[in-house]
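This briefing covers strand pairing, helix packing and side-chain contacts. The sequence and structure come first, then the notes by topic.

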Amino acid sequence: MCGIAGCYNIQDAARITKNGLHLLQHRGQEHVGLVSSDGNMFYPERAPFRGQGLVMDCVTEEILQSMPGYMAIGHVRYSTQGASEFKNVQPHRTETKDGPVFFCSNGDIVNCDELRKFLKPRGYTFCSVNDGEVIVKLLSFFYRECGLWAPSIRQAKNMLNGSFSGLLMTKDRIFLIRDRMENRPFCYTVADDGAVLFASETVGLDIMTADHPGFNDKDYTLRYVGGDEIIELADGTVTVHPDKTDNGKLAHCIFEMLYFSRPDSRIFGTRTKAFRHRLAQRLADEAQPTGDLISPVPDSSMEYAIA
C-alpha cells in the first residue's frame, strides 16, 4: 500500500503536492519522494528528492525552495516489494532519448521477474527490487521503439500483470495511468483556470484544492482515472487517450474499503465511512453480539465499532 499525488499547470506545485501527500500519510510512513519540473528542468538539482519518515518532517521549507516548477509528482511508501531502503524509494528515474523521466505508483506487479528478464537483454539494468522501476523501464523501452508516449504506455500495460495506479512525468508533461481492472483508487479534478490535481484518495484533493483560486470557493468536480484510458497533461490541456480492451471486467480492491483508505475518502464512488457503517450494521444483525465493550483494533475499525 502506497500513496501518490501531484499537480499540473499550477504555481508552487511541489508545495501543493506535499500537502496532498500529507493527507495520504496513512498509506505509507516509511519514505517520501518528490520531483518537480518547470517544463525545461527537473528539481531538486539531483532529482528526485527522497526522504525517510513522515512528509512534514522530511519535506522542509528548504527542500520546497529548491523545487520550483508548475508540475510535480510525489509518493509515500509502505514497502510491499523490496525492503525499506532508499534504493526502493519512488519516484524512480530512467533515461530516454529525450532525457530523464520519473515514475511512481501504488499497487503490486506480480510478473516483475519475467519483465526484468525481458528488459535486461535489451540493455536495462536495475538499481532496486521495486516494481515501480520495472514499470518505468518497460515504458522507456516501448518509447524507444515507437517514439510516442501514449502507444508506449498502452503496450506496457499489455505486459503488466497486477494492480497499479501510476504517474509518469517527462520534463513537460504528466501521464495518469491505471490498470484496466481499476484495482487501486485514482482520482483527479480540473480547476477553472486549467490546473489539474490528482491523488490516490479524495482526501488528497480536499487539501490540494483548498483556497486555490481556480475553484472560486466551490466544491471541486471529482473525476476518476479510468482503466480504459490514458490521461495526458501537456500544453495546458487534458487529453484522454482511449485504452479499451475486450475485457470490461473491473476488480476493485476490497481492502481499500475495509482498511486502507481514510473514512472521509470517496473510494470507487462510495464514501468509505458509510460503507464501513453498513458493513458493521450487517455484521451486528447476523452475529447478534452481546457485551459491554467494543474494542476497535486497528484504528480503521473505529467506524465499525461506532456503527
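Helix α5 (residues 131-146) lies across β6, β7 (99-109) and β8 (162-169), running at about 130° to β7. Here lying across rests on contact, meaning heavy atoms within 4.5 Å. The model is predicted: local features need pLDDT of at least 70, side-chain atom pairs count only at pLDDT 80 or more, and totals for chains, interfaces and linings use all residues. Residues are numbered from 1 along each chain as its sequence is written, and side-chain values use heavy atoms, with hydrogens and water left out. Helices (H or I, at least four residues) and strands (E, at least two) are DSSP runs, numbered from the N terminus. Axes are lines fitted to C-alpha atoms, for helices over the stretch in contact, and angles run from 0 to 180 degrees between N-to-C directions.

**The six-stranded sheet**

- The open sheet has 6 strands in the order β6-β7-β8-β9-β13-β14, paired antiparallel; two strands pair if DSSP finds at least two bridges between them.
- At the edges stand β6 (92-96) and β14 (237-242), each with a single partner strand, so one side of each has no neighbour in the sheet.
- On average, neighbouring strands of this sheet are turned by 20° against each other, direction ignored.
- Strands β9 (residues 173-178) and β13 (residues 229-234) run antiparallel and are joined by 4 bridges.
- Ile174 has Leu233 in β13 opposite.
- Helix α6 (residues 149-159) lies across β6, β7, β8, β9, β13 and β14, and runs at about 25° to β9.

- Strand β10 (residues 187-190) is joined by 4 bridges to β11 (residues 196-199), and the two run antiparallel.
- Thr189 stands opposite Leu197 in β11.
- The hairpin of β10 and β11 has 5 residues between the strands, and Gly194 takes a positive phi near 95° in this hairpin.
- β10 also runs antiparallel to β12 (residues 223-224), with 2 bridges joining them.
- Opposite Tyr188 stands Arg223 in β12.

**Packing of α4 with α5**

- The axes of α4 and α5 are 10 Å apart, and the helices pack at an angle of about 40°.
- α4 is therefore oblique to α5; angles under 35 degrees count as roughly parallel, over 145 as roughly antiparallel, 65 to 115 as roughly perpendicular and the rest as oblique.
- The crossing of α4 and α5 is left-handed, a term for a near helix turned anticlockwise from the far one by less than a right angle, with right-handed used if clockwise.
- The contact brings Cys112, Leu115, Arg116, Phe118 and Leu119 of α4 against Asp131, Val134, Lys137, Leu138 and Phe141 of α5.
- By class, the contact of α4 with α5 has 7 nonpolar, no polar and 3 charged residues; Ala, Val, Leu, Ile, Met, Phe, Trp, Tyr, Cys and Pro count as nonpolar, Asp, Glu, Lys and Arg as charged, and the others, Gly among them, as polar.

**Packing of α1 with α7**

- Helices α1 (residues 13-23) and α7 (residues 202-209) have axes that come within 8 Å and cross at roughly 140°.
- α1 and α7 are therefore oblique to each other, and their crossing is right-handed.
- Ile16, Thr17, Asn19, Gly20 and Leu23 in α1 meet Val203, Gly204, Ile207 and Met208 in α7.
- The contact of α1 with α7 has 5 nonpolar, 4 polar and no charged residues.

**Salt bridges**

- The whole structure has 17 salt bridges, each a side-chain nitrogen of Lys or Arg within 4 Å of a carboxyl oxygen of Asp or Glu.
- Asp113 and Arg116 both lie in α4 (residues 112-119), 3 residues apart, about one turn of the helix.
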